[in-house]
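The tour below goes stop by stop, with something to select at each one.

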Amino acid sequence: MSGGRFDDSDFVRACRSEPHPRVPVWFMRQAGRSLPEYRAVRGTGSILDAIADPDRAAEITLQPVDRYGVDAAILFSDIVVPAHAVGFGVDVEPGTGPVVSRPFASRRDLDRLRPLDPAADTPYVIETVRRAVEALDVPLIGFAGAPFTVASYLVEGGPSRHHARTKALMVGDAALWHELMDRLADLAIASLVSQVEAGAAAVQLFDSWAGVLSPDQYRRGVAPHSARVLETLGSTGVPRIHFGVGTGELLDQMGGCGADVVGVDFRVSIDEARRRVGPGRALQGNLDPAVVLAGESAARDAAREVLAANDGHPGFIFNLGHGVLPESDPDVLARVVQVVHDEGRVLCR
Ligand code: CP3
């Protein structure tokens with residue numbers, strides 16, 4: 001089972017480090033955030049309500065493709081959707097992010113993380129993917145939260161700076177930690193497989209907060225679980241992207257978890273990241289999203305620097321180093337896409 005229809009797209013070929021004419025580009029968090037047309041259809045209330053409505057969710061998925069001319073769409077959903085759908089008790093508060101009223105604290109809480117049956121628990125995700133894929137002429141990226149980043153919300157009860165409770169559980173009760181991570185890996189696998197079966201042409205595993213871990217903590221507590229997700233998805237045949245923030249010291253390990261593409265944030269240049277990840281993996285990144293706020297000319301110059309650091313390598317997808325910031329000007333993002341398309345050359349080597 002593979003995306004098939006988009007195997008010859010610049011995006012899929014870049015994920016596979018195959019030759020293609022021009023550097024593909026898309027933006028993490030391109031759906032929503034700064035687009036006025038997003039705010040018009042989003043409605044009020046929890047984002048989980050908008051996600052559960054395939055009419056709205058499919059439309060929001062398409063909006064950035066129309067607006068920016070990006071080479072891929074990303075499903076409009078959230079990393080906490082599977083945990084929410086199995087009844088863990090998590091919501092997403094506008095302006096804050098995921099919040100959990102009864103955080104994960106003991107073995108008993110595993111009972112709130114039963115396996116996900118996508119057809120019964122998240123039929124709206126499947127329907128949104130189907131509708132979006134039918135309407136799109138670029139590949140759709142499906143996604144899930146990586147076990148560690150989802151665990152951090154369930155254990156902390158909300159966004160956190162130091163992730164101290166999460167680390168304390170990982171180090172203080174390794175057996176329970178691994179059971180929690182196993183359950184969350186199963187949720188991610190079930191959700192991602194259902195998205196690919198519905199037509200997603202690639203998947204991204206978001207481990208946004210993995211950068212708070214030391215290399216040893218990551219090796220022992222996290223890498224085996226993310227690797228199980230990514231390796232299991234290998235049988236679908238679609239490219240797998242593995243992303244985190246502040247992961248400069250983890251890039252070699254992240255590259256070893258089985259993904260085809262490693263996401264790089266703005267703290268490490270693409271040439272240095274390529275050295276750390278090693279051969280055989282494509283890279284995705286890494287324009288600092290804050291630079292978009294500096295205006296068109298500064299953003300264009302910074303985009304050119306990213307392209308220069310890639311130096312024509314075929315295994316490269318242009319993106320931001322993290323998600324689009326809410327205060328971004330959509331016109332500046334559109335200009336960045338234009339620069340990448342006009343100047344992002346791929347050299348055969
Ligand atoms: O990339 C996309 O445009 C597709 C949709 C998408 C959303 N969340 C929609 C959303 C994706 C890929 C995500 C992933 C996600 N969710 C991550 C990983 C990516 C990253 O940025 O590191 C994380 C950590 C979350 C958890 C989460 N959900 C946070 C931290 C927030 C932000 C709170 C805020 O208001 O800024 C959310 C809410 C959320 N998810 C919004 C959107 C568009 C915000 C606006 C809204 O409520 O409408």
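Select Asn286 to begin; this residue is found in strand S8, which covers residues 282–287. This is a predicted model, and what follows describes that prediction. Is the peptide bond from Gly285 to Asn286 cis or trans? The bond is cis, with omega near -15 degrees.

Next, go to Ser17, in the loop between H1 and H2. Look at its backbone angles: phi of Ser17 is near 55 degrees, a positive value in a residue that is not glycine.

Stay in that loop for the next stop, the aromatic rings. How many aromatic pairs does a search of the whole structure find? The search finds six. One of them can be shown by selecting Phe27 and Tyr68: the ring centres are 5.9 Å apart and the planes are at 85 degrees, so the pair is edge-to-face. An angle over 60 degrees counts as edge-to-face. Phe27 lies in the loop between helix H1 (10–15) and H2, while Tyr68 belongs to helix H4 (residues 54–68), so the pair ties together parts that are 41 residues apart in sequence.

Now select the ligand. The space that the ligand takes is the largest pocket. Show the residues around the ligand: there are 24 of them, and the closest are Ala31, Tyr38, Arg42, Ser208 and His322. What kinds of residue make up this shell? It divides into 13 nonpolar, seven polar and four charged residues.

- Arg42: a polar side-chain atom lies 2.5 Å from an oxygen atom of the ligand.
- His322: an N or O atom of the side chain is 2.7 Å from a ligand oxygen atom.
- Arg29: here a polar backbone atom is 2.7 Å from an oxygen atom of the ligand.

On its own the ligand has 850 Å² of accessible area, and the protein covers 90% of that.

Terms used. Residues are numbered from 1 along each chain as its sequence is written. This is a predicted model: local features need pLDDT of at least 70, side-chain atom pairs count only at pLDDT 80 or more; totals for chains, interfaces and linings use all residues. Side-chain values use heavy atoms; hydrogens and water are left out. A residue is near a molecule or strand if one of its heavy atoms lies within 4 Å of it. A polar contact is a pair of N or O atoms within 3.5 Å; within protein, one must be able to donate a hydrogen and the other to accept it, and residues adjacent in sequence count only if both atoms are side-chain atoms. Accessible areas come from the Shrake-Rupley method with a 1.4 Å probe; for residues, only the protein chains shown count as cover. On a 1 Å grid over the protein atoms alone, a cavity is a set of points where a 1.4 Å probe fits but cannot get out, and a pocket is an open set with protein on both sides within 12 Å along at least five of seven lines; lining residues have an atom within 4 Å of a point. A molecule sits in a cavity or pocket if more than half of its atoms lie within 2 Å of its grid points. Ala, Val, Leu, Ile, Met, Phe, Trp, Tyr, Cys and Pro count as nonpolar, Asp, Glu, Lys and Arg as charged, and the others, Gly among them, as polar. Rings of Phe, Tyr and Trp (its six-membered ring) pair if their centres lie within 6.5 Å; planes under 30 degrees apart count as stacked, over 60 as edge-to-face and the rest as tilted. Helices (H or I, at least four residues) and strands (E, at least two) are DSSP runs, numbered from the N terminus.
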